[in-house]
Amino acid sequence: MFSHVEQALEHLTAALDEVAAAPSDQLRRTLGLSKQLRSRVELLETTAAAVVARREDHGDGGAGLLREHSGLSRSDAARNARTGAELAAIPDADVGVAEGQISLANAARLAQAARNTSPDAVQDDGELIGLAKALPADEFAQAARRWEAQNRDAADLAAQHRRNRRNRHVRFWNGDDGSVQMRGSFDAETGARIQQRLRRQAEQLRQADRRRQAQPQAPAKPDAHNRNDGDGAGGAAAARTTDQRTTDQRTTDQRMADALDTLLAAGAAPAAPAAAPTAHIAPKAASAEIIVRADLAALAEESRGFAEICGTGPIPPSTLARLACNSDVWVEIFGDKLTPLYETVARRAPTAAQRRALVARDGACIGCGARPGDCEAHHVIPWKCGGKTRVDNLVLVCWSCHVRIHDHNWRVFVRDGRFRLIPPGPADPPNPAPSRKPGHRIPQSTPPAPTPQQPPPATRPHEAQPAA
């Protein structure tokens with residue numbers, strides 16, 4: 001076997017020497033074969049590392065050998081080793097990699113889809129295998145993510161979203177070079193809002209940079225005693241001017257970092273005094289414009305429906321319903337083959353005047369009493385069922401209570417002219433992967449007496465009184 005690899009290397013070396021003089025048609029044919037060549041080389045090194053690791057009992061599937069001999073990063077070596085071991089459960093993908101038709105990157109994405117659904121589901125979907133052969137890695141990753149969301153159980157997708165939400169974090173630490181390092185992880189909804197706000201602020205910084213660079217720069221005046229000395233004060237002043245211009249030309253990543261600092265500074269600044277009676281109420285954060293792509297099944301909350309925040313990832317139907325309550329959401333509805341069917345631009349977020357009215361009426365979250373600055377507006381009658389963005393169809397709820405409404409069937413009702421939030425009764429158990437929603441009509445009468453295990457709503461300690 002070793003002699004064959006040596007001969008292949010010799011042939012490749014000879015081919016490299018002939019590239020400059022080769023005609024274009026031969027170069028194009030060579031490019032067509034390069035995918036097969038690359039896939040087989042990756043499979044060869046992955047298989048060889050796995051066999052050695054198994055014989056010598058390395059316990060890592062060959063990831064260490066791959067990293068040592070192939071120059072791969074630790075994460076890529078571990079991914080390739082794991083993919084090589086999992087391909088046996090997907091015969092068509094295994095054959096595609098062996099024949100050079102599927103790259104190892106696409107094979108890794110197939111293996112991930114199999115883990116999140118089942119190997120049989122991937123094996124039985126010839127269209128997905130065909131996409132793995134035809135698409136480059138970045139495009140296939142998107143296609144595989146859509147397929148995975150459509151074929152995953154709704155409860156699994158909702159559970160994953162809750163895990164991502166529960167595991168959200170931002171961490172800081174001091175680097176050895178004196179820098180401050182930051183790393184974070186968010187669920188799809190929160191991540192999309194943060195990205196959108198940062199990019200909007202970064203674009204404002206980019207426009208400011210362009211305006212500053214367009215302004216004519218006055219030449220630096222050298223010191224009178226060193227007017228002809230390039231190494232004197234005149235040269236230093238010119239250098240300072242050049243350094244300043246270079247500093248002003250921020251990269252995209254630098255603008256994103258400055259945008260975060262700008263937004264945090266704006267959020268920490270004290271509010272200007274106002275004469276309005278509700279001046280003590282913290283204003284709601286600027287809404288984020290989120291683009292959601294969904295099919296008809298997701299809007300109908302069916303188990304195989306697909307919805308995703310564009311550029312972020314799939315979301316469960318409950319999150320789609322909650323976003324429709326309170327965000328500016330652009331919804332693109334498509335058919336089975338991603339054929340656009342309908343586009344709606346809907347501003348469901350309340351206006352500033354409506355929000356002030358909600359704060360004045362409810363005073364706090366109607367469920368737990370959280371302060372208004374931490375609250376969102378919830379449509380009692382859902383927007384998709386004809387509910388309007390009007391004060392009489394909106395209530396103030398915090399994020400946690402909003403999740404209880406959409407994910408666990410908590411209900412809004414009116415008692416003594418005030419909105420209340422009550423948990424589901426014995427006939428309405430919590431629903432982690434919701435297919436049901438609160439009633440579309442606001443009950444005007446007092447609800448039935450609760451069971452002994454459920455204290456009456458009026459005596460629940462977390463209910464808040466409206467602001468005076």
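**Thr83**

Thr83 has 2% relative accessibility, so I log it as buried, the cut-off being under 20%. I placed Thr83 in helix H4, which covers residues 74-86. Then I asked which residues Thr83 touches, not counting those up to four places away in sequence. I found Leu104, Ala107 and Ala108.

**Chain overview**

I count 17 helices and 11 strands in it. The chain has 468 residues, and 35% of them count as buried. Taking contacts with a separation of 6 or more, I get 58% from residues 24 or more positions apart.

**Confidence**

I read the mean pLDDT of the protein chain as 75, with 72% of the residues at 70 or more. I then noted a stretch with pLDDT below 50 at residues 224-247, which has 12 contacts in the model beyond near neighbours in sequence. I noted another at residues 430-468, where pLDDT stays under 50. For residues 430-468 the model has 75 contacts beyond four places in sequence. Low pLDDT means that the predicted coordinates should not be read in detail. I leave the contacts of residues 224-247 and of residues 430-468 at the level of counts.

**H6 against H9**

I took helix H6 (residues 104-116) and helix H9 (residues 137-151) as a pair and asked at what angle they pack. I get about 10 degrees, with the axes 10 Å apart. Angles under 35 degrees count as roughly parallel, so I record H6 as roughly parallel to H9. I then listed the residues that make the contact. From H6 they are Ala105, Asn106, Arg109, Leu110, Gln112, Ala113 and Asn116. From H9 they are Ala137, Phe140, Ala141, Ala144, Arg145, Trp147 and Glu148. Sorting this contact by class, I have eight nonpolar, three polar and three charged residues.

**Trp147**

I followed up Trp147, which is in helix H9. Is Trp147 buried or exposed? I find a relative accessible area of 8%, so Trp147 is buried. Leaving aside neighbours within four places in sequence, I list Ala113, Thr117, Ala121, Val122, Asp125 and Leu128 as contacts of Trp147. Ala113 is also one of the H6 residues in the contact with H9. I also checked a pair separated in sequence: Trp147 and Phe306 are 159 residues apart, with 8.8 Å between their C-alpha atoms.

**Gly130**

I located Gly130 in helix H8, residues 126-134. Gly130 has 30% relative accessibility, so I log it as partly exposed. From C-alpha to C-alpha I get 9.5 Å between Gly130 and Gln101, which are 29 residues apart in sequence.

I asked how many of the 10 residues of helix H17 (residues 399-408) are buried. The count is seven, so I describe H17 as largely enclosed by the rest of the structure. The buried ones are Trp399, Cys401, His402, Val403, Ile405, His406 and Asp407. Just after H17 I came to Asn409, in the loop between H17 and strand S10 (411-415). Asn409 is not a glycine, yet I read a positive phi of about 65 degrees for it. Asn409 has a relative accessible area of 6%, so I log it as buried.

**Asp57**

Most residues other than glycine have a negative phi. Asp57 has a positive phi, near 55 degrees. I placed Asp57 in the loop between helix H2 (24-55) and helix H3 (63-70). What is the relative accessible area of Asp57? I get 66%, so Asp57 is exposed, whereas Asn409 is buried.

Notes: Residues are numbered from 1 along each chain as its sequence is written. This is a predicted model: local features need pLDDT of at least 70, side-chain atom pairs count only at pLDDT 80 or more; totals for chains, interfaces and linings use all residues. Side-chain values use heavy atoms; hydrogens and water are left out. Axes are lines fitted to C-alpha atoms, for helices over the stretch in contact, and angles run from 0 to 180 degrees between N-to-C directions. Helices (H or I, at least four residues) and strands (E, at least two) are DSSP runs, numbered from the N terminus. Angles under 35 degrees count as roughly parallel, over 145 as roughly antiparallel, 65 to 115 as roughly perpendicular and the rest as oblique. Contact means heavy atoms within 4.5 Å. Ala, Val, Leu, Ile, Met, Phe, Trp, Tyr, Cys and Pro count as nonpolar, Asp, Glu, Lys and Arg as charged, and the others, Gly among them, as polar. pLDDT is the predictor's confidence in each residue, from 0 to 100. Buried means under 20% relative accessible area, exposed over 50%, partly exposed in between (1.4 Å probe, protein chains only).
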